[in-house]
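Welcome! Here is a friendly walk through a structure that may be new to you, so please take a look before reading on.

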Amino acid sequence: MSEEKLYLYPMWLRLWHWTNALLFLVLIITGLSLQYSGVEGAFIRFDIAVTYHNIAGIILTISFAFFLVANRISGNRKFYKVKRKGFIKRLMKQFRYYIYGVFVGEPKPYPVSEKRKFNPLQKLSYIVVMFGFMPLIIITGFGLLFPEINLENVFGVAGIYLTVLLHITVGFGLSVFMIVHIYFCTFGKTVGSEFKSMFTGWH
Amino acid sequence: MLIQKLAAVMILVVLIVATAFTQEEAEEERVYDYAEQNHQCLKCHGHKTFHYFNENVGQEIRERMNPYYIIDSVEFYSSNHWNFSCLDCHSYEYETTFPHPNELRMEPLPVCLDCHGGDDTYEDRNWEQIDEEFQKSVHSTKHGADFKCSMCHNPHSYKINARTNENIKETIQYDNGICLSCHADINKYQLIVDFTNPNVLETHSWLPNQALHWQNVRCIECHVEINENMLVAHNVQPKEKAVRKCVECHSENSILLASLYKHQVKESRSELGFFNAAILNNSYIIGANRNYYLNVISLVFFGLVLGGIGIHAIIRIIKK
């Protein structure tokens with residue numbers, strides 16, 4: 001039985017997605033290089049890494065603002081809406097599928113449809129990432145770009161240090177998300193089909 | 001009974017607090033031994049104008065004081081030399097003659113080591129070593145005897161800072177002010193050279209976030225050769241040898257730990273807490289501040305995620 005193809009990813013979303021992916025890579029690599037820079041150890045020259053990290057961060061902010069606006073205008077935001085009743089149960093069902101069902105060939109509990117682009121686990125992680133982690137990393141990033149806007153001292157510790165601690169922690173969380181996200185994209189009909197969808201728009 | 005006990009405790013607390021305050025005030029109270037004597041000088045040299053009776057014309061004359069000879073008495077009495085008599089350094093004849101004879105100005109003034117050389121009271125300041133370092137510095141090798149300690153350390157106003165001030169930002173501002181008093185002021189700069197002072201804004205234009213750097217590090221961090229035995233090294237290097245590599249500061253073994261934060265580092269460096277904890281209370285330096293626990297936790301977590309994905313993928317392949 002051949003499933004009907006769905007046009008799930010419009011052009012704006014694909015462009016935003018791949019721009020985001022590229023920016024993530026630049027930010028993670030330059031961020032790691034800055035955090036672990038040494039007299040001989042840094043793999044990207046410090047000043048170059050700073051410049052690229054700053055530029056990528058500013059473009060990411062613009063791209064995020066674009067996402068928020070486009071998400072609202074296009075109606076894509078409906079896919080992020082959560083029905084609270086029974087959500088935990090649905091999460092557990094999806095989780096069970098990933099740790100057991102997928103190995104024994106069970107059908108997907110929440111297959112993609114015109115009305116449901118994300119399974120419950122995807123929905124939760126995307127909400128946390130897009131509406132929690134992204135604003136946090138952008139705000140703390142600007143705190144580091146303009147250090148004078150930070151509190152001078154918070155309980156005896158430089159305010160900027162708390163900003164950077166949050167920035168690095170959220171950055172780490174987003175890096176982990178990206179790796180898991182890439183792996184979960186291999187759960188399509190074929191290993192590469194989900195990646196292809198994000199290029200063509202058709203699922 | 002309970003009320004009486006409470007009252008007794010309160011009285012005790014009040015007494016302890018009051019004693020503490022009194023002690024603090026007593027410690028801060030200074031007795032200015034030469035205030036009266038110095039007033040004879042400062043009544044003219046502490047003001048923009050001075051007056052005297054001109055016998056030739058038979059009237060009181062008011063004149064402007066040469067601005068370079070005005071001493072800010074508030075600054076002087078809060079400086080390191082606050083309990084000095086003016087006559088400790090300047091000729092006694094100034095006290096008895098007016099107008100002051102011109103020859104007095106030609107007399108050599110004492111240099112710092114005249115008093116501080118072999119000074120046991122402040123042995124930890126390493127005066128002799130400061131002098132040795134200074135003799136090697138570009139200030140001395142280029143300008144010789146023209147460059148005196150007093151060009152940076154104004155004896156009328158100099159206050160020790162790095163050792164006593166817990167506010168690093170104030171120390172930075174104060175110390176940089178010393179460098180800029182020549183390097184951003186052509187009048188003072190040309191006391192020892194004929195050419196025009198290079199514009200420090202332009203010569204440092206390569207430095208990213210210039211203003212931020214200048215607010216948070218001292219000029220000497222990049223321009224002085226670090227000496228482990230001295231709190232403030234004095235061997236100012238030629239510009240070609242200045243630090244230009246970002247990672248000299250922005251790395252785990254930041255040179256700032258041996259210079260700007262040297263005093264705090266001795267007390268607070270710990271391998272199990274925050275790396276470079278000394279910097280934490282004042283600012284954040286990318287690459288120099290690292291958190292041991294966060295590093296370990298993130299590595300373990302990252303390993304678990306990658307391991308989990310690997311195992312999951314292998315089982316998927318096997319079960320396919």
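Predicted model: local features only at pLDDT ≥ 70, side-chain atom pairs only at ≥ 80, totals over all residues.

Residues are numbered from 1 along each chain as its sequence is written, chains are lettered from A and ligands numbered from 1 in the order in which they are written, and side-chain values use heavy atoms, with hydrogens and water left out.

**Chain B as a whole**

Let us begin with chain B, which has 18 helices and 4 strands. Helices (H or I, at least four residues) and strands (E, at least two) are DSSP runs, numbered from the N terminus. Of the 320 residues in chain B, 28% are buried. Buried stands for a relative accessible area under 20%, exposed for one over 50%, and partly exposed for values in between, using a 1.4 Å probe and protein chains only. Contact means heavy atoms within 4.5 Å. Among the contacts in chain B that join residues at least 6 apart in sequence, 51% are between residues at least 24 apart.

**Where the chains meet**

The size of an interface is often given as the accessible area lost when the parts come together. Here about 2900 Å² is buried between chain B and chain A, and carbon and sulfur atoms give 69% of that area. Such buried area is the accessible area (1.4 Å probe) that two parts lose on being put together, summed over both. On the side of chain B, Tyr284(B), His312(B) and Arg316(B) lose the most area to chain A, together 22% of what that side buries.

**Salt bridges**

A salt bridge is a side-chain nitrogen of Lys or Arg within 4 Å of a carboxyl oxygen of Asp or Glu. The table lists some of them.

| Salt bridge | Closest N and O atoms |
|---|---|
| Asp47(A) with Arg45(A) | 2.8 Å |
| Glu133(B) with Lys136(B) | 3.2 Å |
| Arg218(B) with Asp175(B) | 3.2 Å |

In the chain A pair, Asp47(A) is partly exposed at 26% relative accessibility, and Arg45(A) is exposed at 55%. Glu133(B) and Lys136(B) sit 3 residues apart in helix 8 (residues 127-136) of chain B, so about one helical turn separates them. Glu133(B) is buried, with a relative accessible area of 5%.

Arg218(B) and Asp175(B) form a salt bridge. This pair links distant parts of the chain, 43 residues apart: Arg218(B) is in the loop between helix 14 (210-216) and helix 15 (219-223) of chain B, and Asp175(B) is in helix 11 (residues 168-183) of chain B. Arg218(B) is buried at 3% relative accessible area, and Asp175(B) is buried at 13%. Together with Glu221(B), Asp175(B) and Arg218(B) are linked in a network of salt bridges.

**Cysteines**

A disulfide is a pair of cysteine sulfur atoms within 2.5 Å, and the structure holds 0 disulfides over all chains. For Cys41(B), the nearest cysteine sulfur is that of Cys86(B), 3.9 Å away. Cys41(B) is partly exposed, with a relative accessible area of 24%. The sulfur of Cys179(B) is 4.0 Å from the closest cysteine sulfur, in Cys219(B), so the two are too far for a bond. Cys179(B) is partly exposed at 22%.

Is Asn38(B) buried or exposed? Asn38(B) is buried, with a relative accessible area of 1%. Asn38(B) lies in helix 2 (residues 35-45) of chain B. Leaving aside neighbours within four places in sequence, Asn38(B) is in contact with Phe76(B), Tyr77(B), Phe84(B), Ser85(B) and Cys86(B).

Lys115(A), in turn, is exposed at 76% relative accessible area and lies in the loop between helix 3 (87-104) and helix 4 (120-145) of chain A.
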